[in-house]
Amino acid sequence: MASEQTTLTVPGPHGEREMRISSPSRVIWPEPGITKLDLARYITDVGDAFIAANGGRPVALQRFSGTIEGEMFFSKNPPKGAPEFIRSTPVVFPSARSHPMLILDEPAAAVWAVQMNTIVFHPWPSRADNTDNPDQLRIDLDPQPGTDFDDAVPAALALKEVLAEAGLECFIKTSGNRGLHVYAPVEPTREFLDVRHAVIAAARELERRMPDKVTTAWWKEERGQRVFVDFNQANRDRTIAGAYSPRPLAHAPVSCPITWDELGHVDPKDFTILTVPDRLKTVGDPWAKMHSKPGTIDTLLAWWDRDLKSGLGELPFPPDYPKMPGEPPRVQPSRARKQD
């Protein structure tokens, strides 16, 4: 017996493409009853804004074998069987090895990724033609246990002021969960380690201004009930859910760009696969002009140098990274005290 399938017409820069969707009635989000075909239609509906935000960049695919509660895995290599109009580009990873990653150039490419059971799209902060130099400075504001979205809001507003003082215009989106993601477009002239140091400099300045509300402590035992500024998301091969990407949570939320004026009164739970297409039609894309005036990280790097001279050095890297120059020991403080 033939398996269930259908086709979806997806408009794009090269005309319409007919994209096959197998198992279209398979439920992915059980609670609202959202199916694989619903997800493909969502990506089609938000396609232009989705590609503007995530296209032309190496992208990792977070794929699920069944529902959001099922087995999950990441695809960094392009899945086999990609249509001829979908390209890839070689990318260098922290291990110094290189392999190709998928590039999404049009909505139909993202719909094909949905056909391959992708739910979350994780784009790099650099573009396919210059993968080593990010053109986005990204800062992830992550509320820790005992804090929530409402605690991330004042941190984001203060961060906006910090970045403005460094000469950067920034944009914001919900994470799709409890946090916020702040992006600043930058000229792609610096490599990942420089951008990481710029993020750490901004994070430390924010922490100085809100020491009881914000932390840069890498070890969870030291964070307390504060918002963690996740500087390690600025590393090579570290990504966060892209703008307009769905998230694998019960109510089918979306990581949704918002305006700064909206920040104080939005509820991130309102931005879902079912609501965001109509939002785009009515209010437009808050990130439409993000890259019209990129800045530089020069001022932030000057802050980094200032902090180095005052005794503030490198911070821990992710555990799967090779040991990095100047990095402190990768031993959580409580264990280090026991060893002493």
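Visitor: What makes up the secondary structure of this chain?
Guide: The chain of this predicted model contains eight helices and 15 strands.

Visitor: How do you know that the radius of gyration of the chain agrees with that of a compact globule?
Guide: A compact globule of 340 residues would have a radius of gyration near 20 Å, and the chain has 20 Å, so the two agree. Along the principal axes, the C-alpha atoms fill a box of roughly 70 × 45 × 45 Å.

Visitor: How many of the residues are buried, and what share of the contacts join residues at least 24 apart?
Guide: Of the 340 residues in the chain, 54% are buried. Where contacts join residues at least 6 apart in sequence, 67% of them join residues at least 24 apart.

Visitor: What belongs to carbon and sulfur atoms in the accessible surface, and how many side chains are charged?
Guide: The accessible surface comes to about 15,200 Å², with 50% belonging to carbon and sulfur atoms. The side chains include 40 positive and 46 negative ones, and the centres of these two sets are 4 Å apart.

Visitor: Why is T35 called buried?
Guide: The relative accessible area of T35 is 13%. Buried means under 20%, and T35 is therefore buried. This residue belongs to strand 4, residues 34-35.

Visitor: How do you know whether A158 is buried or exposed?
Guide: A158 has a relative accessible area of 16%. The limit for a buried residue is under 20%, so A158 counts as buried. A158 lies in helix 4, residues 149-165. Apart from neighbours within four places in sequence, its contacts are L206 and M210. A158 and E205 are 47 residues apart in sequence, with 9.9 Å between their C-alpha atoms.

Visitor: What makes helix 2 mostly covered?
Guide: Six of the eight residues of helix 2 (residues 47-54) are buried. These are G47, A49, F50, I51, A53 and N54. Their cover includes helix 1 (36-45), helix 3 (107-115), strand 9 (118-123) and helix 6 (276-283).

Visitor: Which residue with a positive phi follows helix 2?
Guide: G56 follows helix 2, with a positive phi near 70°.

How values were computed: Residues are numbered from 1 along each chain as its sequence is written. This is a predicted model: local features need pLDDT of at least 70, side-chain atom pairs count only at pLDDT 80 or more; totals for chains, interfaces and linings use all residues. Side-chain values use heavy atoms; hydrogens and water are left out. Helices (H or I, at least four residues) and strands (E, at least two) are DSSP runs, numbered from the N terminus. The radius of gyration is taken over C-alpha atoms; the globule rule is 2.2 Å times the number of residues to the power 0.38. Buried means under 20% relative accessible area, exposed over 50%, partly exposed in between (1.4 Å probe, protein chains only). Contact means heavy atoms within 4.5 Å. Accessible areas come from the Shrake-Rupley method with a 1.4 Å probe; for residues, only the protein chains shown count as cover. Lys and Arg count as positive and Asp and Glu as negative; His and the chain ends are not counted. The place of a charge is taken as NZ of Lys, CZ of Arg, CG of Asp or CD of Glu.
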